[in-house]
Amino acid sequence: MIANPPTMETKQINQAILPVGRRAGVGIHFSSLPGAYGIGDIADSALTFIEVLADMGIGVWQFLPTGPTAYGDSPYQPLSAFAGNENLIGIEPLIRAGLIGSDEAQALKELPLEFVDYGKLIPAKNGLLATAADRFGNKIKAGEINAQLNASYAEFLHCQGPIWLDDYALYRALKTRHGERPWPQWDKPYRYRDAAAISKIRASSAKAIERIKIIQFLFDQQWRALRACATQNNIRLFADMPIYIALDSADAWARPEYLRIDHNCQPTHVAGTPPDYFSEDGQLWGNPLYAWDYHAANGYQWWIDRLRYAATMADLIRIDHFRGFEACWAIPVESGTARYGVWEAGPGDELFDALRDALGRLPVVAEDLGLITAQVDALRHRHQIPGMKVLQFEVSDPGFQLSSIQRNCVCYTATHDNDTTVGWFRGSNGDRRANALRLTGGTADTISADMIRFAFSSEARLAIAPMQDYLGLGSKARLNIPATTEGNWRWRLQSRQLTPAVRESVMAMVGKSSRG
């Protein structure tokens, strides 16, 4: 009824960081994929898209963090550093497995196709997934699950339970019990994990906890099918890992000692960035900072577990805000703006030495944008971690030359935090537009394709463009505006946009640049 995955990987990570040769990639999150159920998914939506990528010669697919979202629907504020976003679970495999009926999914089919309406999607899909999970659990109890699938479920519980699954399921059950309020606002016994209270809730909420674990298993099964399909089509999956975790997360609740949180369960200092290209006041993210001394005393085991698990899900992992490992912008929690932060030292070499000793060569790429010092570059180079170059930033410099982009990096036309290239060009001043046209040799009408060809012609082993740039879309297709909390993460690709002409154009650009 559900595809059986290979045995869970436990050996060391020993793979090349960037693909061999020169490859072309696309950036698009699963939520933005076409699909009939209100949001793209990791099942049929993703498998169909992989076939499209293979036809176009695209060899790398980069997506955003896949953790369960909450505040602002942002993938960068997940409720867990390990769990999967249940909203991305595909509906069709559940129908084929007999866990839900097609008529039960009708409410999702009535949602918009052009954008994600999270307000309507989440309650409808949560109810449907709860039904599917309950039926799966009943089939297990009735002995109606085949032996191999039953063994896969048991292995999932055994392997992931102690690391994250047990805490996550309990956290989500308690969060629901408390009206979805953040855990620092829960009743005191649960907030401080009183042993008697926790034991009692495990018993009284056993069904709800089991349901959450089954939903995570369904995500895991679909993800394994996705990885297998990508491998068969020679597509490498490129994940994204936020450096920080949210205060309202299973990880912060279960292990507050790993963070700079006071006795009232509130952070003393939070993360962000000083004023930069994106915001003149800087960015106030609000994530609690890590208690690095505690991590060091524990041999950085939580980080080892986190990266090991991430590497079972993807071939490459971009670590967001890499510079925070060298020094972080620490903002007093009472500040109303990121302007008043100070730089504080991060764990540096010690963390990456521990990761390498435990996992081997690390399949990570550093997000090293913004204010990057020589010390940050040195840390990255010492550990042979590729960095990033974003052409929207680079071509703004009149002195930029394409030859400055080195081989061991990822070159982007833009990222999810940028406007589309068309929107960026139209919103740029005359000097910037002139510089972009001079460097690319293009025109205002073809700037999106020109920038892609420019990125593809660089020495970078991997060059990536957002799907919106391949389609030549304007600012209405922008996915995220940093330092804002509304209207983001909603854009969706339409199947009709992937015309034969678009596919042939992309395939031609890939072939001409020898990035196939």
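1. Buried here means under 20% relative accessible area, and exposed means over 50%. Please keep in mind throughout that this is a predicted model.

2. How do F30 and W61 sit relative to each other? They form a tilted aromatic pair, with 5.0 Å from centre to centre and 50 degrees between the planes. F30 belongs to the loop between strand 1 (23-27) and helix 1 (44-56), while W61 is in strand 2 (residues 60-62), so their pairing ties together parts that are 31 residues apart in sequence. In the whole structure there are 36 aromatic pairs.

3. W61 has a further ring partner in F63. Their planes stand at 85 degrees and their centres are 6.3 Å apart, so this pair counts as edge-to-face. W61 and F63 are both buried.

4. Now for the core. The largest nonpolar core has 151 residues, and the members that touch the most others are F30, W61, W303, F325, M467 and Y470. Another core lies apart from it, with twelve residues that include F238, L316, Y412 and I464. As background, nonpolar side chains in soluble globular proteins tend to be buried together.

5. F325 deserves a look of its own. Leaving aside residues up to four places away in sequence, F325 touches I243, W292, W303, I319, G346, P347, G348, L351, F352 and L379.

6. R193 lies over the face of W253, 4.2 Å from the ring centre. R323 is placed over the face of W343, at 4.1 Å from the ring centre.

7. Which strands pair with strand 4 (residues 269-273)? Strand 7 (residues 327-332) runs antiparallel to strand 4 and is joined to it by two bridges. Strand 5 (residues 283-288) is also antiparallel to strand 4, with three bridges between them. V270 takes part on both sides: its bridge partner in strand 7 is I331, and in strand 5 it is P288. Strand 4 is mostly covered, as four of its five residues are buried.

8. On backbone angles, most residues other than glycine have a negative phi. N234 is not a glycine, yet has a positive phi of about 60 degrees. N234 is found in the loop between helix 8 (206-232) and strand 3 (236-241). Is N234 buried or exposed? With a relative accessible area of 52%, over the 50% cut-off, N234 is exposed.

9. Q384 is another residue other than glycine with a positive phi, near 55 degrees. Q384 is placed in the loop between helix 13 (374-382) and strand 10 (387-390). The relative accessible area of Q384 is 51%, so Q384 is exposed.

10. Last, a word on A358, which sits in helix 12 (residues 349-359). A358 has a relative accessible area of 22%, which means that A358 is partly exposed. A358 and I304 are 54 residues apart in sequence, and their C-alpha atoms are 7.0 Å apart in space.

Conventions: Residues numbered from 1 in each chain as written. Predicted model: local features only at pLDDT ≥ 70, side-chain atom pairs only at ≥ 80, totals over all residues. Heavy atoms only, no water. Buried < 20%, exposed > 50% of the residue type's maximum accessible area, 1.4 Å probe, protein only. Core = buried A, V, L, I, M, F, W, Y, C linked by side-chain atoms within 4.5 Å. Contact = heavy atoms within 4.5 Å. Phe/Tyr/Trp six-rings, centres within 6.5 Å; stacked < 30°, edge-to-face > 60°. Lys NZ or Arg CZ within 6 Å of the ring centre and 35° of its normal. Pairing = 2+ DSSP bridges.
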